[in-house]
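Hello,

Here is the structure we talked about handing over. Please open it next to this message; my notes follow below.

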Amino acid sequence: MASISLSKSEKSYIQTSLTSTPPIRGDGRSLLDYRPIALEIGVVPLANGSVRLNIGKSTHEGAGGTEVLAAVKLEVEDVVNGDGVDGGRVVCSVSCSPAAYPHLSSNALDDLSYDMTTVLNQTLAHPSLRPSNLGILPKKKSWGLHLDLIVLADSGNVFDALFMAARAALWDTKVPVTRVVEYQAKKGGAVRQDDMDVEQESGLDTRQVSRAVDFELPDYWDEGETLAGQDRWPVCVTLNIVSPIYYLDATLQEEASTPLRLLLALSFPKTEAPTLKASRLLGPGEVELSQIKALVQDGEKHAGELFAALEAKLREEDVRRNQKARDRFILR
Amino acid sequence: MITFTSFPSPPQTTAGHGRTKHHPAVEEDVAMDLDEDELSPGGSRLTCPGDSITSSQAFMRGHGTYVENEEVIASVAGTVERVNKLVTVRAIRTRYNPEVGDLVVGRITEVQPRRWKVDANSRQDAVLMLSSVNLPGGVQRRKLESDELQMRTFFEEGDLLVAEVQAFFSDGAMSLHTRSLKYGKLRNGQLVTIPPILVRRLKSHFITLPCGVDLILGLNGYIWISKHVKENDQEGEEGFDAEAVYSNQNDDIDDATRNAISRVANIIRVLAAHFVPLTDTILLEAYEWVMDQEIGTREILLEETSDFFVAAMTGSRD
């Protein structure tokens, strides 16, 4: 993992402070406190859904904190000839800005973005999370959902930020409404020979061949319906484990002095029980299987809190955004 | 506990597109005709990028300026400085510009033959020669080949140290030295980074706060906050204790001191975020004020508290 260099005494200072009773952190937070999270949706005008998120921004300065920009772009993909999948697909990619990791070489930066891409793509592109309204024409055309995230600055806890930004961007995404267009032969018109063949064979053919050949957009491009399964997109909590304790939302310095990190991505569907969508262990430290069980249970609790807080903020942002759109309309 | 906030809305740029806007303090200066008196070294003048400073026929352009249409124009936001006919702009947000004799806090980035490379928030890494450190066995000791082989036992990558700028190399990189008992490896604390311009030159950059916390204000914007070490406990000249000087082991630090260190760190972060220059007096006042108001360490960083706090600090100085 990318980490800043830290002297041995700094590491030991942070570790002893964390494990002392009561635990003390460099900025006075308790172990389970998050830094303030700033969030704004709809920041990229040309994307179908976008968000800017910052964890731990200092109040007046422009800089500081882990900053992530996420944007969703929907593209029509051909299932037969292109690389589309029937019913739509989700593709995630994460790129890290060199400004976020000035000490890394370009190769190391690529590796890091690849690592993050893998974690996000394997979790979010999983078939169990695929929204049901990404199909356009059965077996012919579908939406390809491309979720791109950029890490603009890293001051710790980048995975939580990425998953939160991903969830917010997908929440914000509007899928254009499509209507299927069919060609119908004119009544009484000349029927071509090859159509006749199909007609004759269809008595034996049990397959449902859709007659739809193309689609049209009844709305403007920026209108549409929200993605189905909005509540299922997971949030991630990182448990930073300094045995025997764990803590949340590590700063870069704390991350560098933590031997083991457990990522848990949990989904909280409205009607079903919470499910664990992904988990990763990062770092050279060790942990026993029996401990993992307890950690996952705790992680579920913290993720639930994070989920509820994010949900509330997203609803508030939706209201604010609609307000802004109305204001602009009035001005016009 | 999780709190969500919004990004501050960008300033409304509805009016005043036609002309350049200036800070009220400099509005009159700008409106005046530019003449030589105005660029006198006494009065400071702020610039924005693109502000015209003076005529290029009477003055020479220096750092932070460029010439267009026979005018010297600022390319950075900062203060105008003039030496004879040379006009420069000293940028507000910049890397550290070293000067000989400055006290800096740095971090070792590389170990090379007979030298360490040190990150000191400058444009280039600083250099610490093996010949400019105190080695175990006395100040007068000669450096042996065996010392070159065990350089990592003194400083290794990531180690923090406090040093003084000794000289410059021909390429502009600074050369450091730690040939004093005050200088050397740092332990028992944590580092806070602030913009270098906020650290003023003081009589002493080693500050002891009454809460049992030592501060080292590096002129490069790196500030080391650590547990207080008593004067007579510092390693003496004769019994120069290599193990203590180059140790990586922290002393026992009690919880009260750890809390105080965190509190001081947050105070410095807030002052830096509000762009208040740090001096020993303001730090002392700030710490007392925070203790009087019984503000928790975490609460200092919250927006309302920090605004209130900085208002109290800057108000009391006037």
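Pro22(A) sits in the loop between α1 (8-19) and β1 (37-41) of chain A. Helices (H or I, at least four residues) and strands (E, at least two) are DSSP runs, numbered from the N terminus. This is a predicted model: local features need pLDDT of at least 70, side-chain atom pairs count only at pLDDT 80 or more, and totals for chains, interfaces and linings use all residues. Residues are numbered from 1 along each chain as its sequence is written, chains are lettered from A and ligands numbered from 1 in the order in which they are written, and side-chain values use heavy atoms, leaving out hydrogens and water.

Back to Pro22(A). A cis peptide bond links it to Thr21(A), with omega about -10 degrees. Chain A also has a cis bond between Ser243(A) and Pro244(A), where omega is about 10 degrees. Pro244(A) is in the loop between β11 (235-242) and β12 (245-247) of chain A. Most peptide bonds are trans, and most residues other than glycine have a negative phi.

Now the phi values. Asn84(B) is not a glycine, yet has a positive phi of about 50 degrees. Its place is the loop between β7 (78-83) and β8 (86-91) of chain B. Asn188(B) has a positive phi too, near 65 degrees. That residue lies in the loop between β14 (184-185) and β15 (189-193) of chain B.

Which of these is buried and which exposed? Asn84(B) is exposed, at 63% relative accessible area. Asn188(B) is buried, at 4%. Buried means under 20% relative accessible area, exposed over 50%, partly exposed in between (1.4 Å probe, protein chains only).

**Chain B overall**

Chain B has 6 helices and 18 strands. Of its 318 residues, 44% count as buried. Among contacts (heavy atoms within 4.5 Å) with a separation of 6 or more, 61% join residues 24 or more positions apart.

**A helix pair in chain B**

Helix α4 (residues 255-273) and helix α5 (residues 280-292) of chain B have axes that come within 11 Å and cross at roughly 115 degrees. The two helices are therefore roughly perpendicular (65 to 115 degrees). Axes are lines fitted to C-alpha atoms, for helices over the stretch in contact, and angles run from 0 to 180 degrees between N-to-C directions.

Which residues of α4(B) and α5(B) meet? From α4(B) they include Ala260(B), Val264(B) and Leu271(B); from α5(B), Leu283(B), Tyr287(B) and Met291(B) are among them.

Best wishes

Terms used: Parallel < 35°, antiparallel > 145°, perpendicular 65-115°, else oblique.
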